[in-house]
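Visitor: I am new to this structure, and I would like to learn how its descriptions are reached. Could you show it to me and take my questions?

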Amino acid sequence: MSDTLLWYTTRGAGAVSLVLLTGVVVLGILSALRVQGAGWPRFLTTGLHRNLALMTLVFLALHIVTAVVDPFTHLGWLAAVVPFSSYYRTFWLGLGTIAFELVLAIVVTSLARSLIGRAVWRMVHWLTYASWPVAVIHGIGTGTDTWSAWLLVLTVACVGAVVAAIGFRVTAGSRDPLNEQRTAFQAAVQRRDTR
């Protein structure tokens with residue numbers, strides 16, 4: 001495989017990974033609100049969320065493998081596994097390693113959800129909110145074409161999508177069924193106490 005093809009594959013897979021991970025985060029935020037259309041069943045949102053997460057892993061693996069075998073950087077496999085162990089752009093590649101490991105932890109615990117329980121799964125799943133910005137910062141700091149118009153537009157669009165989803169979630173309030181049950185219980189207790 002030529003060095004040029006590896007270079008383009010690494011950057012292309014990184015850009016696609018950013019778009020896919022952004023989609024996963026946005027769907028996760030919106031599905032927590034139980035957002036859905038009349039003709040769009042909830043299981044489709046959950047399935048799409050899960051499949052996008054798995055596809056993100058595929059493109060992340062392609063991004064990492066092509067970066068490691070690229071003779072220009074000579075990263076080695078240790079840099080792909082141990083954060084901040086690379087001599088080449090140590091800080092920025094370390095952030096990428098951390099982001100990948102957080103995503104991997106989220107996917108593994110999601111696949112083992114029935115074994116580890118909902119509480120542990122949910123706690124680990126909150127790592128998504130850390131992995132996404134770390135991945136974005138990794139891309140900005142590591143990318144050799146970060147300031148090219150197409151990648152800048154892509155990055156701004158991804159950041160805008162996540163910020164919009166978070167804004168929508170904050171303004172819409174929590175529609176978490178556990179919160180709704182707790183609120184209903186508290187209201188019932190208050191009605192009973194005022195009698």
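Guide: Leaving aside neighbours within four places in sequence, Thr155 is in contact (heavy atoms within 4.5 Å) with Leu18, Val136 and Ile140. This is a predicted model, in which local features need pLDDT of at least 70 and side-chain atom pairs count only at pLDDT 80 or more, while totals for chains, interfaces and linings use all residues. Residues are numbered from 1 along each chain as its sequence is written, and side-chain values use heavy atoms, with hydrogens and water left out.

Visitor: Why is Thr155 called buried?

Guide: Buried means under 20% relative accessible area, exposed over 50% and partly exposed in between, with a 1.4 Å probe and protein chains only; Thr155 has 16% relative accessibility, and therefore counts as buried. Its place is in helix H8 (residues 149-172), helices being DSSP runs of H or I with at least four residues, numbered from the N terminus.

Visitor: What makes H4 roughly antiparallel to H6?

Guide: Helix H4 (residues 90-111) and helix H6 (residues 118-125) pack at an angle of about 160°, with their axes 9 Å apart. Angles over 145 degrees count as roughly antiparallel, so H4 is roughly antiparallel to H6. The contact is made by Ala105, Ile106, Thr109 and Ser110 of H4 and Trp121, Val124 and His125 of H6.

Technical notes:
Axes fitted to C-alpha atoms, helices over the stretch in contact; angles between N-to-C directions. Helix = DSSP H or I, 4+ residues; strand = E, 2+ residues; numbered from the N terminus. Parallel < 35°, antiparallel > 145°, perpendicular 65-115°, else oblique.
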